[in-house]
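These are my notebook entries on a structure that I examined element by element. I begin with the terms and then record what I looked up.

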Amino acid sequence: MSETPEKETEAPRVSRNFIEVEIDRDLAQGRTKVVHTRFPPEPNGYLHLGHAKALCVSFGLARQYEGLCNLRFDDTNPSKEEDRYVNAIQKDVRWLGFDWQDRLYFASDFFEELYGFAQHLIEGGHAYVDDLGVEEMRAQRGGPNLVGTNSPNRDRPNQESMDLFGRMRAGEFEPGSVVLRAKIDMAHANLLMRDPVLYRIQDSAHHRTGRDWCIYPTYDMAHGQCDALEEISHSLCSLEFENHRPLYDWLVERLPIQNPPRQIEFSRLSLTYTLLSKRRLVELVEGGHVDGWDDPRLPTLQGLRRRGYTPESVRNFCARIGVTKVSSTAELFWLEDALREDQNRRAPRRLGVLDPLKVTIRTIDEGQSVVCQAVNNPEDADGGTRDLELTRRILIERNDFLEDAPRKFFRLRPEGRVRLRYGPILTCEEVIKDESGQVVELVCSHDERTFGGASVEGQKRVKGIIHWVSADKSVAAEVHLLEPLFMSENPGALEDWLGDLNPDSRRVISTARLEASLLASSPGETFQFERLGYFTRDASSPSDPPVFLRTVTLRDRWSKKG
């Protein structure tokens, strides 16, 4: 699969970002021959929009510089990692349009080499085995305004640490009883540099190596060294790893590594009305607040794909927000606009009514139908047309009729006129109500001369156009109207963030009637329901009746006026 996005969907570039400037300098100085990046997810969860930005940065820059990008799973914590995550992540990366070709790696591919690196550090006096308890180690670490205290084991002879490290690998110690620590500086201003743990014992089966290992490298011990072993030139990561860079550099400088990689950090993605914290997404799923990792209200790539987002729209959104070192929050409507722009050119148009009001056209005989020709997509010259049957009984949206309408309401009113989409002009002649006074039916007449958008000379121009479906030829459907999952712009800043969940984030409409052709649509197929928005047939719901998810709304000037 090609990792190159379609040219016509790429957002225009206006300037070079700071990572490009750094890469240009490395190439000009001869430090870098081939730009080689990587995307290193942990196989303990599903990818979300934040990962999509990282993917676009790493794979996108590799493509831009005609270089390479690896997919590497950072599988150093066997208690939380599973093959199902490995498979799901690969599917998501491919869906987004990127290809690692034959460069699929796992940190576990390098366990033997990483163990050898640890031995090298011990031999050089840069690491030692420590059997302090967890609480003692934490207390001796100190704090931002308090220097740490050296462990009594810090000056343990190298050979003794080497022997203990070998016994750790052999399984002679209980988890948590001993660790391997780097020997750096317990007074360092960066707390991560205060003799961090490099290896720990875990009594868990690994998803690839089983029980072959009982000691596992920490993130910092594995990350830079795996980068070096894969010959990565630029290790690109988000800003929360900026304080890890001194340790990253400290390790690669003390190990037998040629052409050490360079870590560069960029700002992570934050989005209004959205949480991108893996821990909180887990709480949402495991707490039953959503229907699973593919819930279409979630920012996971599975959820976005189910909702109807396209890889092009996600890539364009990531391109538009750019790459900086300044933390900021992107507006949700930027993401929605990227989707509208993409679906506007590709989504077929169809008619559907969510809250039906019956209309009887008395000038069409019982059993008679008139064929109206509808355009499938005005943005696609090759999209063709389809036939719609206008019958005596049709359905319109209830809010397209107002009995006491204001002057600038251009839809239907008593004795008013409106054009049916792809059809003739209707005149409302009678309003029928039930015992409670609710309007239940309109009786109208149509003007034969106005089919196909034609107007009649001497008649006042009709400004309003409304959508409709045949009451007899349409099909029943269930429609889910999706809104942001949270009510606040920044739910992550709230102590009671679960209390901010939007009770109206999904409204189920069971009264919808759609064009009959939509019955034959495929799961995952997206349409523009004219005047209503973009809707995707849900692949995870029963087919009878078909369920459509509102992917994104259309801009509606009248509803904004209120």
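Entry 1: terms and basis. I take helices (H or I, at least four residues) and strands (E, at least two) as DSSP runs, numbered from the N terminus. I am working with a predicted model, in which local features need pLDDT of at least 70, side-chain atom pairs count only at pLDDT 80 or more, and totals for chains, interfaces and linings use all residues. I number residues from 1 along each chain as its sequence is written, and I use heavy atoms for side-chain values, leaving out hydrogens and water.

Entry 2: two loop residues. I located Met 487 in the loop between strand S21 (475-482) and strand S22 (506-514). For accessibility I call a residue buried under 20% relative accessible area, exposed over 50% and partly exposed in between (1.4 Å probe, protein chains only). Met 487 is therefore partly exposed, at 47% relative accessibility. I count a contact when heavy atoms lie within 4.5 Å. Setting aside residues up to four places away in sequence, I found Met 487 touching Tyr 273, Gly 499, Asp 500, Leu 501, Asn 502 and Pro 503. I also looked up its separation from Tyr 105: Met 487 and Tyr 105 are 382 residues apart in sequence and 40 Å apart in space, C-alpha to C-alpha.

I then turned to Gln 438, which sits in the loop between strand S17 (425-433) and strand S18 (439-447). Its relative accessible area is 41%, so Gln 438 is partly exposed. Apart from neighbours within four places in sequence, Gln 438 contacts Arg 398, Ile 432 and Lys 433.

Entry 3: a strand residue. I placed Thr 37 in strand S1 (residues 36-39). Thr 37 has a relative accessible area of 0% and is therefore buried. Excluding residues up to four places away in sequence, Thr 37 touches Ser 58, Phe 59, Ala 62, Leu 68, Cys 69, Asn 70, Ile 232, His 234 and Leu 236.

Entry 4: nonpolar cores. I define a nonpolar core as a set of buried Ala, Val, Leu, Ile, Met, Phe, Trp, Tyr and Cys residues joined through side-chain atoms within 4.5 Å. The largest has 47 residues, of which Ile 19, Leu 49 and Val 93 touch the most other members. Among the elements giving two or more residues to this core are helix H1 (18-28), helix H2 (49-64), strand S2 (68-73) and helix H12 (332-346). H2 gives the most, with 9 residues. I listed the contacts of Ile 19, not counting residues up to four places away in sequence: Val 57, Leu 61, Leu 236, Ile 264, Phe 266 and Val 323. A second, separate core has 38 residues, including Phe 111, Met 193, Met 221 and Leu 251.

Entry 5: H4 with H6. I describe two packed helices by the angle between their axes and the distance between the axes. The axes are lines fitted to C-alpha atoms, for helices over the stretch in contact, and angles run from 0 to 180 degrees between N-to-C directions. Helix H4 (residues 111-123) packs on helix H6 (residues 158-169) at about 160 degrees, with the axes 9 Å apart. H4 is therefore roughly antiparallel to H6; I count angles under 35 degrees as roughly parallel, over 145 as roughly antiparallel, 65 to 115 as roughly perpendicular and the rest as oblique. The contact includes Tyr 115 and Ile 122 of H4 and Met 162 and Phe 165 of H6.

Entry 6: H4 with H7. I found H4 and H7 packed at about 110 degrees, with axes 10 Å apart. H4 is therefore roughly perpendicular to H7. I recorded Glu 113, Leu 114, Phe 117, Ala 118 and Leu 121 of H4 against Met 221, Ala 222, Gln 225, Cys 226 and Leu 229 of H7.

Entry 7: H7 with H8. Helix H7 (residues 219-229) and helix H8 (residues 245-253) pack at about 60 degrees, with axes 9 Å apart. H7 is therefore oblique to H8. The residues in contact include Met 221 and Gln 225 of H7 and Leu 247 and Leu 251 of H8. I noted the buried residues of H8 as Leu 247, Tyr 248, Trp 250, Leu 251 and Val 252. These buried residues pack against H4, strand S5 (179-182), strand S6 (197-201), H7, strand S8 (234-238) and S9.
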